[in-house]
Amino acid sequence: MSAVPVLAVDNLSVEFRTRGGIVKALEQVTFSVNKGEMVAIVGESGSGKSVTAFTVMGILDAAGRVSQGTASFGGLDVLQASEAVMRDIRGREMSMIFQNPRVALNPIRRVGDQIADVLLQHGNVTRREAPKRAIEMLTRVRIPDPERRAKAYPFELSGGMCQRIMIAIALSCAPKLLIADEPTTGLDVTTQAAIMDLIAELGAEQGMSTLLITHDLGMAAEYCDQIVVMHAGHIVEMAPTAELFAHPRHPYTAKLIAATPKPTARLMDLAAIPGNLPDLRAAEIPPCRYSARCERRQSRCDQALPYVLGEQKGSMVACWNPL
Amino acid sequence: MSEFFKKPLLDAQSLHKQFTVGKKPGLFAKAPKDWFRADRPVAKLHAVDDVTFTIGKGEVLGLVGESGCGKSTLVRLLTRLLDLTDGSIRLDGEEIGHLPAKGFGKSPYRPRIQMVFQDAGDSLNPRFTAFAAIADPIQRLKPLPRADLKLRVEALATMCGLPLELLGRFPHQLSGGQKARVGIARAIAVEPDLLILDEPTAALDVSVQVVILQLLEDLKKRLGMSYLFVSHDLNVVRLLCDRVMVMYLGRIVETGPAEEVFRNPAHPYTKALLSAIPHFDQVKGSGAPPVPRLRISGEPRSPIDPSPKVCRFYGRCPKGQDACTESMPLLHGVGLEHSAGHSVACHFPVSDTDRKTAAVSLIEDVA
């Protein structure tokens with residue numbers, strides 16, 4: 001672990017202009033990813049996981065605006081960088097695996113060519129070498145019969161294989177940071193395990209850092225070193241994986257763990273999380289956006305959110321009355 | 001309880017469904033030389049192949065398998081949305097398998113088998129309010145006068161935990177959990193005996209998933225329905241189901257009481273499935289020794305004109321041997337107690353000695 005993190009997001013806030021008003025999608029998000037580390041961002045849908053990833057990649061929707069904060073990638077502030085610089089970095093230094101590979105891949109271009117495109121853009125390969133390198137990449141993501149598959153169109157491949165193509169594209173230039181946005185949603189458990197093993201293995205091989213965005217706590221527990229829990233655009237808790245599961249400190253984290261089906265629990269033991277995410281369009285959102293759903297709410301909860309650092313490095317909880 | 005299960009509600013015997021594949025010759029295409037032969041070979045995709053099972057009254061049967069294994073085709077056969085190629089389906093002793101799918105909507109059996117679809121958002125008509133969506137099957141299948149209809153829909157909404165003020169809303173104005181509730185209320189509106197649930201919680205967050213699962217459990221107790229619960233989330237299946245069936249490429253490879261199958265999987269595929277679930281006891285960095293994982297590689301075999309002699313899992317199976325290509329394994333009883341109804345279709349199931357040691361280690365764990 002080097003002293004300088006690969007990615008350091010500091011005090012990041014993002015707003016979206018909508019017809020219904022300004023949505024404060026992210027507020028004061030601070031976290032970092034170290035070299036070779038796998039960090040998970042977990043939370044319900046609508047908690048701001050993907051917005052965080054898109055902001056870091058510089059591919060935020062036009063309606064979105066970064067209102068404050070910085071995101072530093074190897075010393076470069078990606079939020080201030082010009083589009084030309086970002087184009088050069090994206091795909092080479094940091095790359096992303098999207099949620100639905102069938103949508104993210106170009107449906108009318110052969111998958112081998114799609115990998116070659118990225119290599120030609122960034123990889124200093126000649127036009128003649130590129131197809132060969134593409135086949136090499138297909139071999140690395142363990143696609144059987146790579147020469148033939150390179151000529152296939154995405155619709156000819158299964159969901160698991162399309163996801164492998166996405167991984168091959170993402171890893172083709174050996175990036176320093178991989179952002180995987182729910183890489184296995186919609187895939188079968190057996191395929192999911194194979195894909196996650198592959199990401200973890202290739203990551204370890206290249207010393208790559210990974211930011212995994214997921215709502216599956218089990219997966220985060222198994223593969224990640226550090227977990228960031230998000231709720232309604234806030235980071236509510238952050239801790240090394242083992243510590244987070246052994247001693248969740250934020251009430252929301254505890255509820256989330258209790259709601260996840262485990263091999264040993266019975267249905268009646270699982271507890272639902274009452275209430276919904278607050279409406280982020282409202283002018284007056286309480287400082288703690290979980291307070292309306294919280295059982296441990298106190299009068300101090302109406303004051304500005306505290307960011308209490310834990311004893312261990314990289315642990316933090318944003319709660320007045322933690323467990 | 002087991003006596004109760006003995007009289008099956010649904011009895012499916014050797015169901016087969018094959019789809020014809022391949023290009024149909026166009027109008028101006030050269031006719032194949034053997035066009036006059038009625039038995040000209042056509043490629044067939046065996047989507048469901050010799051599937052036999054029963055569902056008892058009040059029982060929850062889980063159906064597990066990866067995408068493309070024929071789960072959805074089986075579900076569509078049972079709900080009579082597709083015609084069978086061969087086999088028989090009996091509901092309460094009455095044969096319904098021969099009824100054509102096209103006219104089944106008007107048959108008296110339609111209200112007795114209902115379905116909750118996978119994505120509640122996609123399966124609701126965007127131009128129907130929640131009220132209209134729930135009232136629609138009642139109006140079609142068991143018509144009620146207007147005033148009674150309103151009371152009935154409100155009772156259903158209350159039963160499914162849907163606030164009455166939401167009944168006037170359209171699907172896009174409802175949250176994922178609320179849409180799932182509408183989907184369930186609509187399915188139980190005509191008081192079915194058998195409810196088929198096709199991944200009802202796949203699109204939901206864990207926090208909402210728990211609520212929906214508990215609602216389903218509660219409704220089953222109150223209304224005495226049987227469920228066929230289709231899912232690929234094994235942790236969810238385990239929570240709700242009495243028995244499970246594991247399906248692989250059109251065939252049932254393992255079936256038995258849920259606890260037994262999850263504790264002592266006998267088929268290598270079941271074992272791989274269970275091994276693929278992320279576990280909380282495997283928290284990274286907690287110092288827990290890593291459990292060796294059984295991973296299967298490769299792609300499934302082609303379901304088009306499969307050899308009737310070769311096990312469908314052959315080629316991906318870590319235990320595959322020559323014997324697996326010589327005769328198709330059939331379901332046979334396994335386990336320490338053969339009477340438990342645990343059976344597996346494998347020539348080399350995880351052996352009883354393996355499971356005895358596993359059982360011992362389990363006991364040690366408890367102690």
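So, in what order do the eight strands of the open sheet in chain B run? They go E6-E7-E8-E3-E9-E10-E12-E11, and the pairing is mixed. Two strands pair here if DSSP finds at least two bridges between them.

Quick housekeeping. This is a predicted model, where local features need pLDDT of at least 70, side-chain atom pairs count only at pLDDT 80 or more, and totals for chains, interfaces and linings use all residues. Residues are numbered from 1 along each chain as its sequence is written, while chains are lettered from A and ligands numbered from 1 in the order in which they are written.

Okay, back to the sheet in chain B. Its edges are strand E6 (113-116) and strand E11 (332-333), each with a single partner strand, so one side of each has no neighbour in the sheet. At the E11 end, E11(B) pairs with strand E12 (residues 343-344) of chain B in the antiparallel sense, over two bridges. One bridge there puts B:Gly333 with B:Ser343 of E12(B).

Now the E6 end. H6(B) lies across E6 and strand E7 (194-198) of chain B, and runs at about 175° to E6(B). For angles, axes are lines fitted to C-alpha atoms, for helices over the stretch in contact, and the angle between N-to-C directions runs from 0 to 180 degrees.

H6(B), residues 176-188, has a helix partner too: helix H4 (residues 130-141) of chain B packs with it at about 25°, with the axes 7 Å apart. That makes H4(B) and H6(B) roughly parallel to each other; the cut-offs are under 35 degrees for roughly parallel, over 145 for roughly antiparallel, 65 to 115 for roughly perpendicular, and oblique for the rest. H4(B) passes H6(B) in a right-handed crossing, meaning the near helix is turned clockwise from the far one by less than a right angle, with anticlockwise being left-handed.

Who makes that contact? From H4(B) we have B:Ala130, B:Ala133, B:Ile134 and B:Pro137, and from H6(B) B:Val182, B:Ala185 and B:Arg186. Contact means that C-beta atoms, placed from the backbone, lie within 7 Å. By class, that's six nonpolar residues, no polar ones and one charged. The nonpolar set is Ala, Val, Leu, Ile, Met, Phe, Trp, Tyr, Cys and Pro, the charged set is Asp, Glu, Lys and Arg, and the others, Gly among them, are polar.

Over to chain A. Its open sheet has eight strands in the order E6-E7-E8-E3-E9-E10-E12-E11, with mixed pairing.

The residues are A:Val111, A:Gln114, A:Ile115 and A:Val118 of H4(A), with A:Ile165, A:Ala168 and A:Ile169 of H7(A). That contact has six nonpolar, one polar and no charged residues.

What about burial? Of the 367 residues of chain B, 42% count as buried, that is, with 20 or more other C-beta atoms within 10 Å of their own C-beta, all placed from the backbone (12 or fewer is exposed, in between is partly exposed). Helix H2 (residues 71-78) of chain B has six of its eight residues buried, so the rest of the structure largely encloses it. After H2(B) comes B:Arg80, with a positive phi near 60°.

Last, the interface. It takes 33 residues from chain B and 38 residues from chain A. On the chain B side, H7(B) gives the most, with seven residues. And from chain A, the buried residues of H11(A) pack against elements including H7 of chain B.

Notes. Two residues are in contact if their C-beta atoms, placed from the backbone, lie within 7 Å. Helices (H or I, at least four residues) and strands (E, at least two) are DSSP runs, numbered from the N terminus.
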